[in-house]
Amino acid sequence: MLNAVKELNGYHKHDPEQRNGHANGKSNGKTHTHANGATTHHEAVADDKKAIEAAVRTILAHVGEDPDREGLVGTPDRIARMYGEILAGYTTDPVKLVNNALFDVEYDDPVIVKEIEYFSMCEHHMLPFFGRAHIAYIPSDKVIGLSKIPRIVEMFARRLQVQERMTRQIAEMIDEVLKPQGVAVVVEGSHMCSMMRGVKKEHPRMMTSYMIGKYREDKDLRREFMDQLRK
Ligand SMILES: [Zn+2]
């Protein structure tokens with residue numbers, strides 16, 4: 001397949017950006033720490049699940065709850081399984097994701113996909129943030145199947161994120177896959193960590209954008225895209 005697609009391995013869970021993120025934080029960036037290094041993938045997943053369950057039990061006990069009361073016995077298991085789903089972006093294979101969905105087309109007007117709903121988790125508080133992503137690109141010679149753009153958004157949303165980085169990652173992946181003349185990504189997000197805390201009842205949405213190529217250089221193109229978003 002394309003070289004561009006091979007490069008996408010960089011977007012897998014061990015991509016340098018994410019690793020740096022971990023290095024700056026408190027984690028060592030390793031997902032599995034098995035002494036003998038010989039565990040199977042299934043064992044590693046089961047170990048991770050058990051560790052998450054134990055951690056949730058610890059939290060329950062230390063916020064003043066009884067982890068053994070009826071309503072809570074199943075909670076560590078439910079949360080561990082839920083993380084498998086809402087943080088599935090770490091294990092999504094980006095090569096498989098775009099494979100067979102690139103088409104040669106002679107078309108060089110903007111392709112706009114808007115109102116892509118996403119749900120992510122803020123890495124500072126592990127609370128949801130969610131909203132819509134809007135994407136435009138100007139093809140050079142390739143376009144991508146329509147259903148793949150929301151899948152790309154989802155791959156980056158289903159991780160611990162900050163909205164700014166997610167916005168940039170979506171734009172950069174589209175840029176690498178399609179080598180288009182320009183990419184524009186605008187993301188709106190409502191953050192539960194600010195909505196649930198404090199007393200203010202106004203909840204501003206956060207807007208982030210990332211522009212590449214012609215969208216960075218040409219303010220008329222940018223304006224055209226922004227006008228589209230208001231319709
Ligand atoms: Zn937060």
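Which residue is the bridge partner of I116 in β3? The partner is A133, and the legends below set this pair in its context.

**View 1. Confidence along the predicted model.** Residues are numbered from 1 along each chain, following the sequence as written. The model is predicted: local features need pLDDT of at least 70, side-chain atom pairs count only at pLDDT 80 or more, and totals for chains, interfaces and linings use all residues. The average pLDDT (the predictor's confidence in each residue, from 0 to 100) is 86 for the protein, and 82% of the residues score at least 70. Across residues 13-31 the pLDDT is below 50; this stretch has ten contacts in the model beyond near neighbours in sequence, a contact being two residues whose C-beta atoms, placed from the backbone, lie within 7 Å.

**View 2. The open sheet of five strands.** The strand order is β5-β2-β3-β6-β7, with mixed pairing. Strands (E, at least two residues) and helices (H or I, at least four) are DSSP runs, numbered from the N terminus, and two strands pair if DSSP finds at least two bridges between them. Because β5 (160-161) and β7 (206-213) each have a single partner strand, they stand at the edges, and one side of each is left without a neighbour in the sheet.

**View 3. Strand β3 and its two antiparallel pairings.** Strand β2 (residues 111-122) runs antiparallel to strand β3 (residues 128-138), and nine bridges join them. V113 stands opposite I135 in β3, while I116 has A133 as its bridge partner. β3 also pairs with strand β6 (residues 182-191) in the antiparallel sense, over ten bridges; here A136 is partnered by A184 in β6.

View 4. E115, found in strand β2, is not a glycine, yet has a positive phi of about 60 degrees. E115 is exposed, with 10 other C-beta atoms within 10 Å (buried denotes 20 or more such atoms, exposed 12 or fewer, and partly exposed the range in between, with C-beta atoms placed from the backbone). β2 and β3 form a hairpin with five residues between them. M126 lies in that loop and, although not a glycine, has a positive phi of about 55 degrees. M126 has 12 C-beta neighbours inside 10 Å and so counts as exposed.

**View 5. Helix α7 across the sheet strands.** Helix α7 (residues 148-157) lies across β2, β3 and β5. The helix runs at about 20 degrees to β2, where axes are lines fitted to C-alpha atoms, for helices over the stretch in contact, and angles run from 0 to 180 degrees between N-to-C directions.
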